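Trainee: Could you take me through one part of this structure up close? I'd like to see where it sits and what surrounds it.

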Amino acid sequence: MNKASKIYVAGHRGLVGSAIVRNLKDKGYTNIIGKTHKELDLTNQLEVRKFFKEEKPEYVFLAAARVGGINANNTYPADFIYENLEIQNNIIKAAHDFKVEKLLFLGSSCIYPKECKQPIKEEYLLSGYLESTNEAYAIAKIAGLKMCQFFKRQYKDNFISCMPTNLYGPNDNFNLQTSHVMPALIRKFYEAKVKKLPFVEVWGTGKPLREFLHVDDMADACTFLMENYEGEEHVNIGTGKEISISALAYMIKDIISYEGEVRFDKGKPDGTMRKLLEVKKLEGLGWKYKIELEQGIKNVVEYILKNNILSL
Ligand code: GDP
């Protein structure tokens, strides 16, 4: 990839896509293209093919997907599997037909089995049953990863994929019905502070462990892989560190200086109890995360306050 290469970031307005665009610009890449959902419907095969034929991107970051937290995944499984398969099938096949130099497909750590040995190595993929709350999304992502692998094997296409851990950052989804835990808790604690509410409700037992990576680190790892990795196997992207949902809740409470109570709603699902990625492969290639969790959360809180994202 050289600084003038034509780079298409699919999903450039999303949490990850927007961070990839920032990272590419910071590194001096000048020819980056993106299309909004209105301009290009990625579930429409004809539109996607027309776009690739006309624009001829040389490099593709496939960061477009229908995403959501535990509640959204549970409620809309049909939409999650269908839309994600459509988006990735259309883009990967068009990238093949219109001779894209290299493509990076972005998956997610929920593709690994529910009862997976920890920390999770890349090779543990498909070694057991999936977590039922996000099975639809996971099946689609596994199909995308395999598709890249098989196009590489059969046609020598330079298509690679990576599996990030739970991500967070400024452009996150702060809607409580569909968001992941990090933006949800930031919103809940902030709202409770402003409205002087006596307690904040955290879903589940608080015992599940999760690993969190700031999206700016994720974007940096993506451009690093695009520049340095050609293997058939996907690469985990994470910090290698984990925290309980309960400890996370108290960390956010402190950062926001909320004085009320924290309550756990055990009627809500915990999901997978542990989901820690092994990141030795990525570290072996020469990349390591930079943003520590507390600093990362402070950045997000500052961003949403400055830009009035929660508009309370
Ligand atoms: P997951 O990592 O795929 O399970 O998705 P989430 O980020 O949605 O949930 C992670 C964990 O945080 C689960 O155990 C949730 O029950 C828990 N959690 C606690 N409070 C919340 C909340 O307000 N929203 C969400 N989405 N999860 C929460």
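Mentor: Setting aside neighbours within four places in sequence, arginine 210 is in contact with Asn166, Lys241, Glu242, Ile243, Ile245, Asp270, Gly271, Thr272, Met273, Arg274 and Lys275. Keep in mind that we're looking at a predicted model. Arginine 210 lies in strand β8, which covers residues 209-210. Is arginine 210 buried or exposed? Its relative accessible area is 10%, and the cut-off for buried is under 20%, so arginine 210 counts as buried.

Now pick Asp270 out of that contact list. Aspartate 270 sits in the loop between β12 (261-265) and α9 (280-285). With a relative accessible area of 21%, aspartate 270 is partly exposed. Not counting residues up to four places away in sequence, aspartate 270 touches Ile70, Gly204, Thr205, Gly206, Pro208 and Arg210.

Let's step back to the whole chain. The chain has 10 helices and 12 strands. Its radius of gyration is 19 Å, close to the 20 Å that the globule rule gives for 312 residues, so the chain is as compact as a globular protein of that length. Buried residues make up 52% of the 312 residues. And among contacts between residues at least 6 apart in sequence, 81% join residues at least 24 apart.

Technical notes. Residues are numbered from 1 along each chain as its sequence is written. This is a predicted model: local features need pLDDT of at least 70, side-chain atom pairs count only at pLDDT 80 or more; totals for chains, interfaces and linings use all residues. Side-chain values use heavy atoms; hydrogens and water are left out. Helices (H or I, at least four residues) and strands (E, at least two) are DSSP runs, numbered from the N terminus. The radius of gyration is taken over C-alpha atoms; the globule rule is 2.2 Å times the number of residues to the power 0.38. Buried means under 20% relative accessible area, exposed over 50%, partly exposed in between (1.4 Å probe, protein chains only). Contact means heavy atoms within 4.5 Å.
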